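Open the model in your viewer and keep the selection panel to hand. The stops below run from the whole chain to single residues.

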Amino acid sequence: MQSRRPAARTGRPRSAAADTAILAATREALVELGWSKLTLSDVATRAGVAKTTLYRRWAGKNELVVDAVAELFDELELPDRGSLAADIEGVVLQFAAILDRPEAKSGLMAVVAESIRDDALRARIRTSIVDRQKRLVLEGRARATLRGDLPQERDPGAASRAADLIFDLVAGAVVHRTLVSARPADEVWVRDLTRLLVLGLAGAARAS
């Protein structure tokens, strides 16, 4: 799993408390000010740290906001609810609940919009958010295999492609539902999405 943090530098050890305060202040500023008005000076003031402290950790606003958003999605956990379908429903409901938070909406929409013209920012989103959260797909598939819900995937390449596709389907559907369509990802919708996904996985297993 790749880290969202910049590479460690020499000098005094980093303060975890300062990092937490800075990321929380960034999310707060995003909600109140929006992307265009957010500045590192304002974040530093809100977090109670020197501006130089931010620059020792992050090269600029883009990197800081991505890390602030990534921290929200690190809250996601794969529940063990006894079946593949129930596990998927549990994690998707968590994801939808995070996206319903103002700081997640503001931050994610802002960095995605900015990444259209910034390849480095797009790469950071991929490594700090997307790649890190694919752990949920890998954990879920491994658990489903142990339960016998899914067959063992013997081709590592096929397994990797399947994990990418599952993540894209779930994340894309939830983001579109909540942020683009502005409709609730409630229990009924999540159950219907899960049913389609599980049927697709079962069909793919039979075809392989």
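**Start with the whole chain**

Color by secondary structure and read along the sequence: the protein chain follows the pattern α-α-α-α-α-α-α-α-α. That is nine helices and zero strands. Keep in mind that this is a predicted model. Now show the C-alpha atoms alone. They fill a box of roughly 60 × 40 × 30 Å, taken along the principal axes. Of the 208 residues in the chain, 40% are buried. Among contacts with a separation of 6 or more, 67% join residues 24 or more positions apart.

**Next: the nonpolar core**

Which residues touch the most other members of the largest nonpolar core? Select Val43, Leu64, Phe73, Val92 and Val174; they do, in a core of 55 residues. To see where the core residues come from, color H1 (16-33), H2 (40-47), H4 (61-73) and H5 (84-99).

Zoom in on Val92. Leaving aside residues up to four places away in sequence, Val92 touches Val170, Val174, Val190 and Leu193. Val174 is also one of the residues with the most core partners.

**Next: H4 against H6**

Hide everything but these two helices. Their axes come within 9 Å and cross at roughly 130°. H4 and H6 are therefore oblique to each other. The crossing is left-handed. On the H4 side, show Val65, Val66, Val69, Leu72 and Phe73; on the H6 side, show Glu103, Ala104, Gly107, Leu108 and Val111. By class, this contact has eight nonpolar, one polar and one charged residues.

**Next: H7 against H8**

At what angle do H7 and H8 pack? The angle is about 110°, with the axes 9 Å apart. That makes H7 roughly perpendicular to H8. From H7, select Val130, Gln133, Lys134, Val137, Leu138 and Arg141. From H8, select Ala162, Ala163, Asp164, Ile166 and Phe167. The contact divides into seven nonpolar, one polar and three charged residues.

**Last stop: Ala182**

Move to the loop between H8 and H9, where Ala182 lies. Is Ala182 buried or exposed? Its relative accessible area is 63%, so Ala182 is exposed. Check the backbone too: phi of Ala182 is near 55°, a positive value in a residue other than glycine.

Conventions
Residues are numbered from 1 along each chain as its sequence is written. This is a predicted model: local features need pLDDT of at least 70, side-chain atom pairs count only at pLDDT 80 or more; totals for chains, interfaces and linings use all residues. Side-chain values use heavy atoms; hydrogens and water are left out. A nonpolar core is a set of buried Ala, Val, Leu, Ile, Met, Phe, Trp, Tyr and Cys residues joined through side-chain atoms within 4.5 Å. Buried means under 20% relative accessible area, exposed over 50%, partly exposed in between (1.4 Å probe, protein chains only). Helices (H or I, at least four residues) and strands (E, at least two) are DSSP runs, numbered from the N terminus. Contact means heavy atoms within 4.5 Å. Axes are lines fitted to C-alpha atoms, for helices over the stretch in contact, and angles run from 0 to 180 degrees between N-to-C directions. Angles under 35 degrees count as roughly parallel, over 145 as roughly antiparallel, 65 to 115 as roughly perpendicular and the rest as oblique. A crossing is left-handed if the near helix is turned anticlockwise from the far one by less than a right angle, and right-handed if clockwise. Ala, Val, Leu, Ile, Met, Phe, Trp, Tyr, Cys and Pro count as nonpolar, Asp, Glu, Lys and Arg as charged, and the others, Gly among them, as polar.
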